[in-house]
Amino acid sequence: MLDTFKSPLALVGRILLALMFVLAGASKLGDISGTAGYIASGGVPFASAVAVAVGLFELIAGLALVVGFQARWAALALAGFTLLASVLFHPFWSLPADQAYMQQLLFMKNVSVAGGLLLVAALGAGSIGFDGRRASAPLARA
C-alpha cells in the first residue's frame, strides 16, 4: 500500500526538509549584517563573506532539494553543513544549565534533519523531480 505513495511522500519529505534551508537562506540574505554578527559570535572569520556564502548555499541547495535536481549531492552537502553548524553554534555541552537545554534541543533537531538528509543522499529524490525525469528518460540517440 505504501508503495503507491512512495513518490509523493518522497516529494513532500524533500519539501519539508528543504523548507528550513530555503527560508533560512532567504532570511540570511535579507539581513547580511545581522547574520554576520551571529556568525562572528561563533568565532568564524570573514563573517560578512561567510554570511553571503551560507545564505546563497542554503537557498540554492534547498531549492535543488525541492525540485529534485542533483538531490543526493544537495542533501549530502546540507547534511554536512547542518552538522557543522550544530557543533559551532549549539554547543550545549559547554553552556550553563539554564542555557544548555534549549541549545541541546536545537542541536538534536539539527541532527535529526541531517539524518533525513542523509536518507535522501542514500536513497535519492524519488521519481518526482529532475533527477527522476533524467533516470526514466530514454537515452538520446547520436
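**A chat about the model**

Trainee: Where does Q70 lie?
Mentor: Q70 is in the loop between α3 and α4. Helices here are DSSP runs of H or I of at least four residues, strands are runs of E of at least two, and both are numbered from the N terminus.

Trainee: And what's the phi of Q70?
Mentor: Near 50°, a positive value in a residue other than glycine. Most residues other than glycine have a negative phi.

Trainee: Before I go on, what kind of model is this?
Mentor: It's a predicted model, where local features need pLDDT of at least 70 and side-chain atom pairs count only at pLDDT 80 or more, while totals for chains, interfaces and linings use all residues. Residues are numbered from 1 along each chain as its sequence is written, and side-chain values use heavy atoms, with hydrogens and water left out.

Trainee: What's the mean pLDDT of the protein?
Mentor: The mean is 93, and 94% of the residues reach 70 or more. pLDDT is the predictor's confidence in each residue, from 0 to 100.

Trainee: Where is confidence lowest, and where is it highest?
Mentor: Helix α6 (residues 130-136) has the lowest, at a mean of 78, and α3 has the highest, at 98.

Trainee: Back to the loops. Which loop holds F46?
Mentor: The one between α2 and α3. F46 has a positive phi too, about 55°, although it is not a glycine.

Trainee: Is F46 buried or exposed?
Mentor: Exposed, with a relative accessible area of 69%. The cut-offs, with a 1.4 Å probe and protein chains only, are under 20% for buried and over 50% for exposed, with partly exposed in between. Q70, at 33%, counts as partly exposed.

Trainee: OK, α2 next. Which residues of α2 are buried?
Mentor: T35, A36 and I39, in a helix that covers residues 32-41. They sit on the same side of α2 because they cover an arc of only 100° around the axis, taken from the directions from the helix axis to the C-beta atoms.

Trainee: What's on the other side of α2?
Mentor: S33 and S41 are exposed there.

Trainee: And what do the buried residues of α2 pack against?
Mentor: They pack against α1 (6-30), α3 (47-67) and α4 (71-89). A contact means heavy atoms within 4.5 Å. After α2 comes G43, with a positive phi near 85°.

Trainee: Switching to charges: which residue does E58 form a salt bridge with?
Mentor: K28, with the closest N and O atoms 2.9 Å apart. E58 lies in helix α3 and K28 in helix α1, so the pair ties together parts that are 30 residues apart in sequence. E58 is buried, at a relative accessible area of 4%.

Trainee: How many salt bridges does the count come to?
Mentor: One, using a side-chain nitrogen of Lys or Arg within 4 Å of a carboxyl oxygen of Asp or Glu as the rule.

Trainee: New topic, then. How much space lies in the largest pocket?
Mentor: About 510 Å³, taken as the space filled by probe spheres set on grid points that are joined across faces, edges and corners. On a 1 Å grid over the protein atoms alone, with a 1.4 Å probe, a pocket is an open set of points with protein on both sides within 12 Å along at least five of seven lines, and lining residues have an atom within 4 Å of a point.

Trainee: Which residues lie nearest the centre of that pocket?
Mentor: K28, Y38, E58, F81 and A85, out of 20 lining residues.

Trainee: Which helix gives the most to the lining?
Mentor: α4, with six residues. Each of α1, α2, α3, α4 and α5 (97-123) supplies at least two.

Trainee: What does N110 touch?
Mentor: M20, T82, S86 and H90, leaving aside residues up to four places away in sequence. N110 is in helix α5 and is buried, at 7%.

Trainee: Last one: how many helices and strands are there in the protein?
Mentor: Six helices and zero strands. The C-alpha trace spans about 60 × 35 × 20 Å along its principal axes, and buried residues make up 31% of the 142 residues.
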